[in-house]
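Reader: I would like a close look at a single part of this model, taken slowly and with the residues named. Please begin from the question that follows the display.

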Amino acid sequence: MSDSGTREHLARAAKLLAPCRRLLVLAGAGLSADAGVPTFRGEGGIWNEYRAEDLASPEGFAQDPELVWDWYRERRLHIASCQPHAGQRAIALLQQHFPAARVLMATTNEDDLLERAGVRDVVHLHGSLFSTRCTACAWEDDDHDDNALSLMPCPRCGATVRPGSVWFNEPLPRLALDRLEEFDPDGCLLVGSSCLVQPAAGIPLDLQVHGHPVVEVNPEVTPLSEVVACSIRGPARDLLPPLTDLLTSSIVRDQARRQE
Ligand SMILES: [Zn+2]
C-alpha cells in the first residue's frame, strides 16, 4: 500500500468510525508483537521443543507444573522488559479524547502493555499473564513484582497455584464476555488479529452484518479483510497514531455530528 493509499484509507476509516458511540477496539497478537512480545513461544529458544498443550493446558500443568511455571516466569520477565509502543499509547489517547463516545478495549493478549500505555479497563479475553490463581478455590491475585505468589501454595486453602491465563480446552472468562455484551458496541476497530477465538471472533462479523462499521488494521491480509468496511495494511504501531489524530480532530468530529 502506497503512502497516499494509506492516507486515503486512514481518512476513510476515521469517517466510518467517527459517528460511533460505543467503539470496541479488539486486538490480537499483532498489537503486542509490535512491542517485541513474541507470539506464543517466539522464534527459536528452548520452548519450541514443547507442544503448546504441554505449556498451556490443564493437562500439561497437571503433568509438569514446574515446567509450566518456568515458562510463565520467563515470559513475565521478558514482558517486563518490553515497552508500550506508539500504537498502544494512541489507544489510550483515543479512549480519553474520542468525543461523546465510549471506547472499550478488549484483547486476547495476556501482557500488560496496554495498561502501561494508559489504557483503562482492558478486557483480557485470555486472562492476564500476571495473575496467579488457585487450582482448587477462587483465590486469585496479581503477581506483578517478583513472581513470589507462584512459588507458594494457595494462601487461602493450601492447594497448588497456577497461572491465571486461559488455556487450551478452557472456556473464555464469563466476566469478560459479559462485559463485551453489556457494552453493546456500534463499531469496531480490529487490530493485529486474524483469527480471534470464538465467541469473540463473531463480534466484528456480527457488527458488520448489522450495518455497523468495522475497520481492520493488520500488516497481513486476513479472512476478514474482504468483508469489513475498511481494511488498512500496516503495523498498528505506525497506523494507530495517525488514525487517533483523525478521530480526535475537530474536523472529523464535526462531520460525525452533521451525519447524526
Ligand atoms: Zn485455594
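Which element gives the most to the lining of the second largest pocket?

Author: In this predicted model, α8 gives the most to the lining of the second largest pocket, with four residues.

The structure holds one cavity of 30 Å³ or more, and the space within the largest cavity is about 30 Å³. Its lining is formed by Ile91, Leu94, Leu189, Leu240, Leu243 and Thr244, which by class are five nonpolar and one polar, with no charged residues. Helices α6 and α10 each supply at least two residues of this lining, and α10 gives the most, with three residues.

The packing of these two helices can be followed in the same way. The axes of α6 (residues 86-97) and α10 (residues 236-247) come within 7 Å and cross at roughly 25 degrees; with angles under 35 degrees counted as roughly parallel, the two helices are therefore roughly parallel to each other. Their crossing is left-handed, and the contact is made by Ala86, Gly87, Ala90, Ile91, Leu93 and Leu94 on the α6 side and by Ala236, Arg237, Leu240, Pro241, Thr244 and Leu247 on the α10 side. The residues of this contact divide into nine nonpolar, two polar and one charged.

Helix α10 also meets α1 (residues 3-17), and the axes of this pair come within 9 Å and cross at roughly 50 degrees, an angle that makes α1 oblique to α10. The crossing of α1 and α10 is right-handed, whereas that of α6 and α10 is left-handed. From α1, the residues Thr6, Leu10, Ala11, Ala13, Ala14 and Leu17 meet Leu239, Pro242, Leu243, Leu246 and Leu247 of α10, and this contact has 10 nonpolar residues, one polar and no charged ones.

Methods:
Residues numbered from 1 in each chain as written. Predicted model: local features only at pLDDT ≥ 70, side-chain atom pairs only at ≥ 80, totals over all residues. Heavy atoms only, no water. Axes fitted to C-alpha atoms, helices over the stretch in contact; angles between N-to-C directions. Parallel < 35°, antiparallel > 145°, perpendicular 65-115°, else oblique. Left-handed = near helix turned anticlockwise from the far one by under 90°. Contact = heavy atoms within 4.5 Å. Nonpolar A, V, L, I, M, F, W, Y, C, P; charged D, E, K, R; others polar. 1 Å grid on protein atoms, 1.4 Å probe; cavity = no way out; pocket = protein on both sides within 12 Å on 5 of 7 lines; lining within 4 Å. Points joined across faces, edges and corners; volume = space filled by probe spheres on them.
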